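Hi everyone, thanks for coming. Please have a look at the sequence and the structure on the screen, and then I'll walk you through them.

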Amino acid sequence: MAMNYGGWAGKVLWVNLTTSEIWTEPTEKYLDYLGGSGIGYKILWDHHVDGQLGTDPENVIVYSIGPLTGSGVICSGRMTVTSRSPATPGHLITDGHVGGHIGPEFKYAGYDALAVIGKANSPVWIRIEDDKVSIESATAIWGKGTFDSNAELTKLMGQDAQVFSIGQAGENLVPMSGFMTPGGHAAGGHGAVMGSKNLKGVGVHGTGTCTIKASRDEMRALDDHILGIIGSNNNNVVPSTPQSWAEYYSSGSRWKARDEIKWGAADEPVELGEVAWNERNRIGYRCSMAEMYVGVEYTNKWLKRMGGCHACPIRCYCEMKVPELKSRFKFKSEYITNTCGGFIWGNYLMPTTAGTEQYALTATAGAYLRDDYGIFSGYGLTHHIFKDMKTADLFKHLLSAEEFADVPWEQWDNNEPEFLVDLYKRVAFPDSYPHENALGRMMGDPVSYIDIWKLDGTNPAIDNWNIYAESNVHLFNRSMRHALHHASECASQVGTLINVIFNRDPMCHSHINVVNGGLPYDILAEVCAEKFGEGAFDPVKWYTPINQGKVNFAKWCVVKNVLHDSLTICNWVFPLIISPDKEKNYRGDSSIEAQMYSLVTGDKVTEEELDIMAERTVQLHRAFTALEMNSNDLRRDHDVLSDWVYDIDPDKNFGDQGTIKMDRDDIQKALGMFYEAWGWDSETGIPTRATLEKFGLGYAADKLAAKGLLPG
Amino acid sequence: MITRRGMLKGSMGVAVGTVYSGTLVSFLTGCGSDNNDNGNGEVVVMPGGLMVVNPILCVGCRRCEAACGWNHEGDCGPTIARVKVAHNMNYGPHGVQSNYYEQRGESGDFTLVPQTCHQCNVCMEVCPQKAISINEKTGAREVDESLCVGCGYCADKCPQQTIKVVRSKMKSVKCDLCQGEPNCAQVCTTGAIKFYTWEEAEEALEIYNNYTGLVG
């Protein structure tokens, strides 16, 4: 490669499935955008077509990594997928994120991104072995779930390969679908994009390396520095129970290792005991958070070990042996691994009680089915919708009599996890029923069904039930119809603003990795005040009016989020501005990303300089949103919240202790301040020409101006 | 067949060329003890020891691979790493089987079986260049890159499949125990990979070898 940097592989691989052309272009032209989502957004911008759908052949899907991917620096095993998403209104651009080991394998094969355009005549998969790239028939695996598909692709490539594939949901163009890698790693929202291209999957095997400019000693010194700061998943820096080494604890912490927890399904059960923050060679036991999904009893029965992504010491994946998956559900495997939502969503849908056997089985059987079918839930949105509508007994008014009679409601009523076996099949195979299968279609395409079923309070058949008024549904951004993802329920206006500007649930944990850290409020508030300004962090459910500190905090979170998705490193752990080290006064180090980048690439940057590179992609994203929506007022057309956000807890006022209620006027003021912080028009929320040019995005300003969308 | 006590006795104050065969030999080379009747699978036991992974504890983060690459080649990647996690990671030591979901690996029973150099003599014996020799201090079999021509005989014959020829320099690379300070073990997040003296090796290898066959 011509570039004299470490980190990047140097090439972007292109595959046109319509023409079968395969070519590469230098990564150099994308370096201003770092990598990952930055490359993804730039490629999509360059190929923008007005009114294009995510499922149109000429829509490009980009799988991209960054300069840190595969370098071995901590938590650098991520990959970003960017495309127009059928799971959003108007098929706007979104990016999803997948861990595991597929991202580093792209680097070792010599590519910073794979961009796919066109549509194959018949099912295919893309085979990448270093410089050798081919389009192969996938006819033999079309129709299979992701588990079997990934196995077949690996069998064809050899066991050193890393692969991913869509399941039946993606094949059948279900908007709420994604792809899966071995080990339970998924990216959601673009399964149907792959399905529309007849692209079943991708296999990669690379024999090269990620080049690194720094010395071994420099890399190890930084590694050790990070290990002295990093917490558990979501950078929880205290244990969940009182422990001999810790000054503080927090029951919600994802630092679950303690005497009562073991890897009980291991061939030799592993008693965890306390895992202190400075035990470098035991950090992999620290998280062990399966009890969050199946309870303590079943953790000790089923948890075999923890797993996760390349180069991550935290290990948030819970790898479980659940005999009932075979014996009761007749699945062919009794093993399931996932984390967080991957286990949680089933229990959002069923009327289960935490700690029970049904709860544990719902978590694991649900994960198995969704992963194999390749079903996406939009951070649980579809599952919340179902439960709220079922509880309100609305389906009998919306489904045909034939379909209503076909659904085994008694299984849900009796709290039997088998209900999911039936329901997810309806989602993944929308056309395979003698009736309309509106229930399955709604679960696979809630964005459309809000209109089809008139769930916006205008359908008298369901007593004008209003999805935007239902706090239990969690639909947060009314315009984008996406779920809340760490918004006002835990982080005041900071979370709210973060949940406003993306086109899907934001997948941003920059704030959570601080505010949920587990330290006492006074310490966290002090850290946030130092970093962002006074009053940046309110106690949860006790919110004050918007202030500049909160705006600064929210902007910082979005920048770091996009930075991580571009480098690529894990935003479920980074950034690390708090630490478990009392000697450091529990402070972390927000410049770690810049230190990583400087060592790996040899391009020495400050934290501020690197953040500017990430902000460039945020600015492009915002301009892109205006372009795709053909909107000259994103405050009006995009940044709109559901009514429940303001109207929850009718007996309380905004600012009262004990409520997450937001205030309409306060949020409008917050949006204006947020826009100004980004250099956007304070009324319309669209980037100004001056701002776009400041970030080298004059071409975006020209495009918006030509469409009459540029402010001023 | 030797006993563990006999092996230990022999390993003390060892001289180059001390030859053993039997249980430890089969653990080291992956060959059954029956194969030793014709004199194959002999091993020279030296001071030092070897790296062994406990598959029950490995969590597949591959930090060992990264630290190995940083230390030896200055870069990162499974080809240059002397410890091999990725090869067996998703589908176990035998690759994709029809019942892959019952076999080892991330797609099976979650048992990971990383490969490490067992410091046997096979590579040294097959090298036509005599480029592999024993480091008297550590006991590691080390490649002299000034002699190696990258022919790949050692890689083909390595029982653990841990030697690779790196294309960029056309040299074989293998575990040298980091001159007594194995980087892989230093960064391991669970203590799954450890340096074992010959004294300890038999038990560790016995556990490891429980996971190298097909399940069922």
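How many salt bridges does the rule find across the interface of domain 3 of chain A and domain 4 of chain A? The number is 0, where a salt bridge is a side-chain nitrogen of Lys or Arg within 4 Å of a carboxyl oxygen of Asp or Glu.

Before going on, some ground rules. This is a predicted model, in which local features need pLDDT of at least 70, side-chain atom pairs count only at pLDDT 80 or more, and totals for chains, interfaces and linings use all residues. Residues are numbered from 1 along each chain as its sequence is written, chains are lettered from A and ligands numbered from 1 in the order in which they are written, and side-chain values use heavy atoms, with hydrogens and water left out.

Back to the domains. Chain A is assigned domain 1 (11–205), domain 2 (252–373), domain 3 (381–422 + 434–473) and domain 4 (482–506 + 508–570 + 606–706); bounds like these come from an automatic or database domain assignment. The centres of domain 3 and domain 4 of chain A, taken over C-alpha atoms, are 32 Å apart. Each of these two domains of chain A puts 6 residues into the contact, and contact here means heavy atoms within 4.5 Å.

Together, domain 3 and domain 4 of chain A bury about 460 Å², with 65% of that coming from carbon and sulfur atoms. Buried area is the accessible area (1.4 Å probe) that two parts lose on being put together, summed over both. On the domain 3 side, A:Leu381, A:Tyr468 and A:Ser471 supply 78% of the area buried against domain 4 of chain A, more than any other three residues.

There are also 2 residue pairs in polar contact between domain 3 and domain 4 of chain A, both partners at pLDDT 80 or more. A polar contact is a pair of N or O atoms within 3.5 Å; within protein, one must be able to donate a hydrogen and the other to accept it, and residues adjacent in sequence count only if both atoms are side-chain atoms.

We can follow A:Leu381 into helix α11 of chain A, residues 381–391, where 9 of the 11 residues are buried. Buried means under 20% relative accessible area, exposed over 50%, and partly exposed in between (1.4 Å probe, protein chains only). Helices (H or I, at least four residues) and strands (E, at least two) are DSSP runs, numbered from the N terminus. The buried residues of α11 in chain A include A:Leu381, A:His383, A:Phe386 and A:Met389. After the helix comes A:Asp393, with a positive phi near 60 degrees.

Now for some backbone details. A:Leu173 is not a glycine, yet its phi is positive, about 60 degrees. It sits in the loop between α4 (168–171) and β10 (178–181) of chain A. Is A:Leu173 buried or partly exposed? A:Leu173 is partly exposed, at 41% relative accessible area.

A:Ala311, also not a glycine, has a positive phi of about 70 degrees. Its loop runs between β15 (303–307) and β16 (317–321) of chain A, and with 0% relative accessibility A:Ala311 counts as buried.

Which residues does a cis peptide bond join? One such bond links A:Leu567 and A:Thr568, with omega about -10 degrees. Another links A:Phe574 and A:Pro575, with omega about 0 degrees. A:Thr568 lies in the loop between α21 (548–567) and α22 (592–601) of chain A, and A:Pro575 lies in the loop between α21 and α22 of chain A.

Finally, the partner chain. Chain B has 8 helices and 8 strands, and 62% of its 216 residues are buried.

Where the chains meet, 49 residues of chain B are in contact with 63 residues of chain A. The buried area is about 4300 Å², and carbon and sulfur atoms give 51% of it. In chain B, the residues losing the most area to chain A are B:Arg63, B:Trp70 and B:Phe110, together 17% of what that side buries.

This interface of chain B and chain A has 5 salt bridges by the rule. B:Arg63 forms a salt bridge with A:Asp223, their closest N and O atoms being 2.8 Å apart.
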